[in-house]
Amino acid sequence: MQEKGTISIHTENIFPIIKKFLYSDHEIFLRELVSNAVDATQKIKRLAALGQYNGELGDLKIEISFDEKAKTITISDRGLGMTAEEIKKYINQIAFSGAEEFMEKFKEAKDANEIIGRFGLGFYSAFMVSDSVEIQTLSYQEGAEPAHWVCDGSTEFEINEGSLAERGTEITLHINKDGEEFLSKYKLQEILDKYCKFLPVPIKFGTTTQEEEDGVDEEGKPKYTSVEVDNIINDTNPIWTKAPAELKDEDYLNFYKQLYPFSEDPLFWIHLNVDYPFNLTGVLYFPKLKNDFEVQRNKIKLFSRQVFITDEVKDIVPEFLMLLHGVIDSPDIPLNVSRSFLQADSNVKKINTYITKKVGDKLGELFKNDRPAYEEKWGDIGLFVKYGMISDDKFYDKAKDFVLLTNIKKENFTLEEYKEKVKPEQTDKDGNLVYIYTNDAPKQDAFIQSATKKGYDILLMNSPIDGHFIGHVEHKLDKTSFKRVDADVADKLIKKEDAPAHVLTEEQTTAVKSVFEKAINKPAYRIEVESLSPDELPVTVTMDEFMRRMKEMAAMGGGMGFYGSMPDNYKVIINGNHKLISRIASEENEELKTSLSKQAFDLALLSQGLLTGAELTEFVNRSVSLI
Ligand code: ADP
Ligand code: MG
């Protein structure tokens with residue numbers, strides 16, 4: 001038997017094109033060939049189980065070897081094999097409708113995966129690294145003859161009698177100049193570790209030497225001899241393929257260590273398992289996050305039937321869940337997954353929704369079943385929960401029941417609990433709730449003390465996304481707003497009934513105002529005389545909540561440029577009821593009047609850390625002379 005033929009595509013030079021354009025991910029040839037070997041092995045097992053194959057299955061491992069001198073890489077399996085007819089059918093007739101379509105589509109394609117996936121070119125990815133490829137195969141079918149196929153990467157192939165004595169397939173790649181880096185133990189090991197670590201069929205790559213007990217010596221001590229044993233590179237039963245009931249916490253923790261050898265233990269995990277309306281298994285871990293969420297991304301690994309596909313799961317996993325670690329395995333996601341496929345695929349959207357729901361359920365369950373433990377973990381998961389609530393409405397609806405607000409006394413409340421707690425003291429005259437927070441307790445201490453004296457509770461909002469979180473929650477909650485504790489003097493943070501008039505006359509008020517205007521003499525500071533309680537500070541500097549948020553937004557690149565260029569805008573509130581202010585109002589000595597005003601203003605700046613440099617020096621000198 002000897003046959004020559006032409007691979008049935010119409011363009012003569014398709015392989016040079018494939019080779020040239022798919023240069024970026026050359027290493028995936030190994031994933032493709034090994035997963036074909038796995039498929040073939042799984043098929044023979046199924047045929048045997050169905051009684052359609054009655055021969056010996058034998059040792060079903062897949063072997064990968066290379067020969068540096070001969071420049072070959074060989075992948076062999078004991079799968080179902082192919083007859084010559086099958087080679088012609090499955091290998092020669094490349095699974096795409098026509099070369100014209102291919103030529104057209106590959107121009108738009110962004111990566112090798114997209115082309116390989118779209119056109120069923122898995123096997124042909126071998127030509128990215130080979131001058132020629134050989135197949136030796138023997139089908140499981142009774143009376144089948146071994147077949148041999150060889151192709152040099154042109155559209156010409158040759159098929160003749162093969163030499164394989166046992167059922168299975170052996171693919172030999174004659175590595176080309178570009179592919180020489182793959183003729184290395186370390187390189188191959190690295191690729192196998194990446195793509196094949198959890199394949200369901202044992203994969204042998206080389207051997208290792210082991211000491212084995214071999215009888216006893218004259219003194220009766222055990223003797224050892226070195227034996228060569230197969231080096232199996234994969235774990236064929238990773239935990240996500242098992243039932244949760246079979247697994248202990250330790251198994252989950254060990255698997256986590258296997259995936260991320262240098263990470264701290266995760267906080268908890270979710271075992272995913274669905275088979276309708278799509279197939280998905282996996283284990284997602286909640287890492288310890290603390291306050292940084294940039295470094296930890298891209299840690300979820302995506303598999304398809306235990307073959308690693310990618311750790312860029314951006315379109316499969318909702319954005320906010322990218323902070324999680326672990327694995328997702330779905331046969332509904334093709335091996336050659338590409339960005340454009342993922343964006344278009346409806347399964348992917350369902351997977352997205354499902355994972356979000358599971359994560360929400362798990363957190364809700366933890367909160368309900370063991371609140372103290374949940375609160376203890378809040379420092380690590382809070383950021384994640386808030387991020388999720390901002391970015392996903394469905395998640396918000398679940399998480400609103402277990403998101404926690406923490407006050408400066410380190411007490412935690414759900415949204416509902418907090419509302420009930422502060423309602424009596426923190427409802428303004430129009431029936432709106434005002435939540436007061438600090439983002440820097442030491443710096444805002446004077447304000448915190450004043451607000452606390454009034455019976456207000458102060459929330460601690462100092463994580464990187466709290467600004468966004470506050471905005472989002474305000475938008476969701478009815479008649480509720482947040483105010484930073486230094487947004488106004490304590491008396492004015494929450495507008496109660498109309499404030500009583502202060503003790504100064506209208507004339508005095510105007511006079512005090514102009515004294516301070518002259519003393520301060522800065523356009524960014526707007527001066528108001530207000531009626532505050534006599535034991536509040538004589539002068540307070542505040543920054544309006546709305547203006548401050550606009551500035552912050554502009555600083556982060558959002559909002560309008562207009563606010564970014566805006567100068568700071570402070571309000572200087574003069575306490576019309578304070579003794580010192582009355583004294584300034586009635587002071588005859590002009591110099592002392594100015595001096596006292598400056599002093600009161602500087603004290604306000606000082607309490608907020610706003611007094612620095614030459615102004616601080618001047619304050620110190622003035623204080624000395626006043627004493
Ligand atoms: P796919 O795996 O997506 O079908 P490939 O190009 O990787 O596409 O393989 C084409 C076909 O060649 C396979 O579907 C299978 O029928 C056959 N084949 C490839 N490798 C083997 C193998 N090791 N044993 C048996 N059949 C194989
Ligand atoms: Mg394949």
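## Gly576

Gly576 is buried, because its relative accessibility is 0% (buried means under 20% relative accessible area, exposed over 50%, partly exposed in between, with a 1.4 Å probe and protein chains only). In this predicted model, Gly576 sits in the loop between β22 (570–575) and α19 (579–586); helices (H or I, at least four residues) and strands (E, at least two) are DSSP runs numbered from the N terminus.

Pro538 is 38 residues from Gly576 in sequence, and their C-alpha atoms are 7.7 Å apart.

## Basis of the model

The model is predicted: local features need pLDDT of at least 70, side-chain atom pairs count only at pLDDT 80 or more, and totals for chains, interfaces and linings use all residues. Residues are numbered from 1 along each chain as its sequence is written, chains are lettered from A and ligands numbered from 1 in the order in which they are written, and side-chain values use heavy atoms, without hydrogens and water.

## Nonpolar cores

The largest nonpolar core has 59 residues, of which Phe123, Trp149 and Leu173 touch the most other members. Such a core is a set of buried Ala, Val, Leu, Ile, Met, Phe, Trp, Tyr and Cys residues joined through side-chain atoms within 4.5 Å. Helix α2 (residues 28–49) gives the largest share of this core, seven residues. Domain 1 (2–205) and domain 2 (239–376) each supply at least three residues; these bounds come from an automatic or database domain assignment.

Beyond four places in sequence, Phe123 touches Leu33, Asn36, Ile91, Val133, Ile135, Trp149 and Ile171. Another core, of 58 residues, lies apart from the largest one and includes Ile316, Leu324, Tyr435 and Met461.

## Helix pairs

Helix α9 (residues 346–369) packs on helix α10 (residues 371–391) at an angle of about 150°, with axes 8 Å apart. Axes are lines fitted to C-alpha atoms, for helices over the stretch in contact, and angles run from 0 to 180 degrees between N-to-C directions. The pair is therefore roughly antiparallel (over 145 degrees; under 35 is roughly parallel, 65 to 115 roughly perpendicular and the rest oblique). Val359, Leu363, Leu366, Phe367 and Asn369 of α9 meet Arg371, Tyr374, Ile381, Phe384 and Val385 of α10.

Helix α16 (residues 506–520) and helix α20 (residues 590–607) pack at about 75°, with axes 9 Å apart, and are therefore roughly perpendicular.

Notes:
Contact = heavy atoms within 4.5 Å.
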